[in-house]
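Visitor: Could you walk me through this protein, one question at a time?
Guide: Gladly, let us look together.

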Amino acid sequence: MNIDDGDDDRVFKRIIPPDSYFSFELPMSVTIPSPMNSMSPQGLSTSSSSTPWWKYDVFLSFRGDDTRRSFTGHLYDALKRKGVLTFRDDENLERGKSISQELLNAIEESRVAIIIFSKNYASSTWCLNELEKIVRSMKEMGLTILPVFYDMDASDVRNQTGPFQNAFDDLEDQFKENLEKVETWRVALREVANLASWPLQNR
């Protein structure tokens, strides 16, 4: 189904209120500094004349088959129109199973990561490696993470139940010689699912 510009704006307004250039409205208050006020990775204000440490305002993490041409696509278009510098991976980037250095750099150079959890997110080792890097950057560089549950229950992400249980059953077979890796992904999912978030049903 085609969604017009008005619907793109509706998606955007669920994330960013109209009275703020770049404030994310959450159950708990989280405000992203405007592009005019740069922040260091440790969160310390710097001079407005200093070169910002980030390259992107937002990094989008998502499963392409699920949301690229629906929610994620419309959110990306709306962010662009509002002047928010957003990294979204190229459609052909996910051909291999190893996350590219380009994506690793983009995560490190972003202020905010919006993670869009959908039913098939956990069936992609690419997405899970991306998630692992995002969580590491949150701890080491102060990256802000904003999870969105797209037609998903947060409890399924947190506990790896429902569609995530099937994905992790397969992963444990695939990585039976490296179950520590699977546990790292489980921990990352639990951490992110416990953050303030937006549940979106059939959007």
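This is a predicted model: local features need pLDDT of at least 70, side-chain atom pairs count only at pLDDT 80 or more; totals for chains, interfaces and linings use all residues.

Visitor: Over the ring of which residue does the charged end of Arg-111 sit?
Guide: The charged end of Arg-111 lies 4.3 Å from the centre of the ring in question. For Arg-111, the ring belongs to Trp-54.

Visitor: What is the mean pLDDT of the protein?
Guide: pLDDT is the predictor's confidence in each residue, from 0 to 100. It stays under 50 over residues 1–6 and also over residues 14–49. In the protein, 67% of residues reach 70 or more, and the mean pLDDT is 77.

Visitor: How many contacts beyond four places in sequence does the model have for residues 14–49?
Guide: Contact means heavy atoms within 4.5 Å. For residues 1–6, the model has 3 contacts beyond four places in sequence. For residues 14–49, the number is 68.

Visitor: How many helices and strands does the protein have?
Guide: Helices (H or I, at least four residues) and strands (E, at least two) are DSSP runs, numbered from the N terminus. By that rule the protein has 8 helices and 7 strands.

Visitor: Is strand S5 largely enclosed or exposed?
Guide: Buried means under 20% relative accessible area, exposed over 50%, and partly exposed in between (1.4 Å probe, protein chains only). Of the 203 residues of the protein, 47% count as buried. In strand S5 (residues 110–117), 8 of the 8 residues are buried, so the rest of the structure leaves S5 largely enclosed.

Visitor: Which residue in S5 is the bridge partner of Phe-59?
Guide: Two strands pair if DSSP finds at least two bridges between them. Strand S3 (residues 56–62) and S5 pair in the parallel sense over 6 bridges. The S5 partner of Phe-59 is Ala-113.

Visitor: Which residue in S6 stands opposite Ile-114?
Guide: S5 and strand S6 (residues 144–150) pair in the parallel sense over 6 bridges, and 6 of the 7 residues of S6 are buried. One of the bridges joins Val-112 to Thr-144 in S6. Opposite Ile-114 stands Leu-146.

Visitor: Which helix makes a β-α-β unit with S5 and S6?
Guide: A crossover is right-handed if, with the strands pointing away from the viewer, the path from the first strand over the helix to the second runs clockwise. The unit here is right-handed, and its helix, residues 125–141, is H5.

Visitor: What is the angle between the planes of Phe-117 and Tyr-121?
Guide: Rings of Phe, Tyr and Trp (its six-membered ring) pair if their centres lie within 6.5 Å; planes under 30 degrees apart count as stacked, over 60 as edge-to-face and the rest as tilted. The count comes to 6 aromatic pairs. Phe-117 and Tyr-121 form an edge-to-face pair, 5.0 Å centre to centre, with an angle between the planes of 70°.

Visitor: How far apart in sequence are the parts that Phe-175 and Trp-185 tie together?
Guide: The ring centres of Phe-175 and Trp-185 are 5.3 Å apart with planes at 90°, so this pair is edge-to-face. Both Phe-175 and Trp-185 are buried. Phe-175 lies in the loop between helix H7 (163–174) and helix H8 (179–193), whereas Trp-185 lies in H8, so the parts tied together are separated in sequence by 10 residues.

Visitor: How far apart in space are Phe-164 and Tyr-121, C-alpha to C-alpha?
Guide: Phe-164 lies in helix H7 and is buried, with a relative accessible area of 0%. Beyond four places in sequence, Phe-164 touches residues including Phe-117, Tyr-121 and Leu-189. Phe-164 and Tyr-121 are 43 residues apart in sequence, and their C-alpha to C-alpha distance is 8.1 Å.

How values were computed
Residues are numbered from 1 along each chain as its sequence is written. Side-chain values use heavy atoms; hydrogens and water are left out. A charge sits over a ring if NZ of Lys or CZ of Arg is within 6 Å of the ring centre and within 35 degrees of the ring normal.
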